[in-house]
Amino acid sequence: MMMRLDGESYQAIADKAGISRQRVQQLLSPPSYVRKLVKKRANDKCQKCGLLLGQSGHVHHVGNKEEDYNDVDNLLYLCPSCHRKEHDNLASKKELANKYFTATEARIELGLSRWDFNTRIERGMLPAPTFIDTVMRGSVELKVRYFDENWLRIARAILDNPVLKRG
Ligand SMILES: [Zn+2]
Ligand SMILES: [Zn+2]
């Protein structure tokens with residue numbers, strides 16, 4: 001059985017899979033030697049706010065790739081409060097992804113190549129993205145562009161209109 005957290009709580013997964021929360025936790029949480037390593041690496045402190053944790057620390061998965069799911073580099077040691085915030089963040093990012101088109105989805109909708117799509121936006125031949133989110137990948141800051149229905153409607157109108165197209 002392959003399950004991924006994907007920003008969801010153990011409880012949410014348990015409800016979907018029809019098994020107990022304890023069982024999900026058992027299946028998904030890292031083995032105890034990994035937990036110990038993560039705890040030790042963090043000097044027993046929350047890696048977000050620095051709070052000294054004792055026995056109350058949570059181990060959080062940063063990514064959800066199968067092959068390195070319980071890899072130490074993929075785990076953070078967090079206090080319960082920062083842990084909850086991480087999951088709230090993930091949930092809101094998921095919500096964004098449901099509500100908006102990603103750049104890839106938007107350009108496929110318009111039938112444009114990646115280069116064409118990006119160039120047209122850069123040159124103002126297509127409107128700016130509806131929303132730009134900043135995400136951290138390790139220490140690298142990435143800009144993720146989102147496009148809504150209205151953006152697509154305007155973009156289609158521009159592309160369908162030869163006069164606007166030339167401008
Ligand atoms: Zn914290
Ligand atoms: Zn977590």
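Colleague: Which residue stands opposite Phe101 in strand 5?
Modeller: Phe147 does. Keep in mind that we're looking at a predicted model.

Colleague: And who faces Thr102 over in strand 5?
Modeller: That's Tyr146. Strand 3 covers residues 101–102, and 2 bridges join it to strand 5, residues 140–147. Strands 3 and 5 run antiparallel.

Colleague: What sort of sheet do they belong to?
Modeller: An open sheet of 3 strands, in the order 3-5-4, with antiparallel pairing.

Colleague: Okay, which strands sit at the edges?
Modeller: Strand 3 and strand 4 (131–137), each of which pairs on one side only.

Colleague: How many bridges join strand 4 to strand 5?
Modeller: There are 7 bridges there, and strands 4 and 5 run antiparallel too. To pick out one pair, Asp133 has Val144 of strand 5 as its bridge partner.

Colleague: Let's switch to helices. At what angle do the axes of helix 5 and helix 7 cross?
Modeller: Roughly 35°. Helix 5 is residues 103–110, helix 7 is residues 149–160, and their axes come within 10 Å. Helix 5 passes helix 7 in a right-handed crossing.

Colleague: Which residues make the contact?
Modeller: From helix 5 you've got Ala106, Glu109 and Leu110. Helix 7 puts in Leu152, Ala155, Arg156 and Leu159.

Colleague: How many of those are nonpolar, and how many charged?
Modeller: The contact has 5 nonpolar and 2 charged residues, with no polar ones.

Colleague: New topic: what's up with phi at Asn43?
Modeller: Phi there is near 55°, a positive value in a residue that isn't glycine. Asp44 also has a positive phi, near 65°. For background, most residues other than glycine have a negative phi.

Colleague: Where is Asn43 placed?
Modeller: In the loop between helix 3 (32–41) and strand 1 (58–61). Asp44 is found in the loop between helix 3 and strand 1 as well.

Colleague: How far is Lys93 from Val135?
Modeller: In sequence they're 42 residues apart, but in space it's 9.7 Å, C-alpha to C-alpha.

Colleague: Zooming out, how many helices and strands are there in the chain?
Modeller: The protein chain has 8 helices and 5 strands. Along the sequence the pattern goes α-α-α-β-β-α-β-α-α-β-β-α-α.

Colleague: What share of the residues is buried?
Modeller: Buried residues come to 11% of the 167 in the protein chain. As for contacts with a separation of 6 or more, 49% are between residues 24 or more positions apart.

Colleague: Last one: which elements have the lowest and highest mean pLDDT?
Modeller: Helix 8 (residues 162–166) has the lowest at 58, and helix 6 (residues 114–122) the highest at 96. Over the protein chain the average pLDDT is 83, and 87% of the residues score at least 70.

Definitions and conventions
Residues numbered from 1 in each chain as written. Chains lettered and ligands numbered in written order. Predicted model: local features only at pLDDT ≥ 70, side-chain atom pairs only at ≥ 80, totals over all residues. Helix = DSSP H or I, 4+ residues; strand = E, 2+ residues; numbered from the N terminus. Buried ≥ 20, exposed ≤ 12 C-beta atoms within 10 Å, placed from the backbone. Contact = placed C-beta atoms within 7 Å. Axes fitted to C-alpha atoms, helices over the stretch in contact; angles between N-to-C directions. Left-handed = near helix turned anticlockwise from the far one by under 90°. Nonpolar A, V, L, I, M, F, W, Y, C, P; charged D, E, K, R; others polar. pLDDT = per-residue confidence, 0-100. Pairing = 2+ DSSP bridges.
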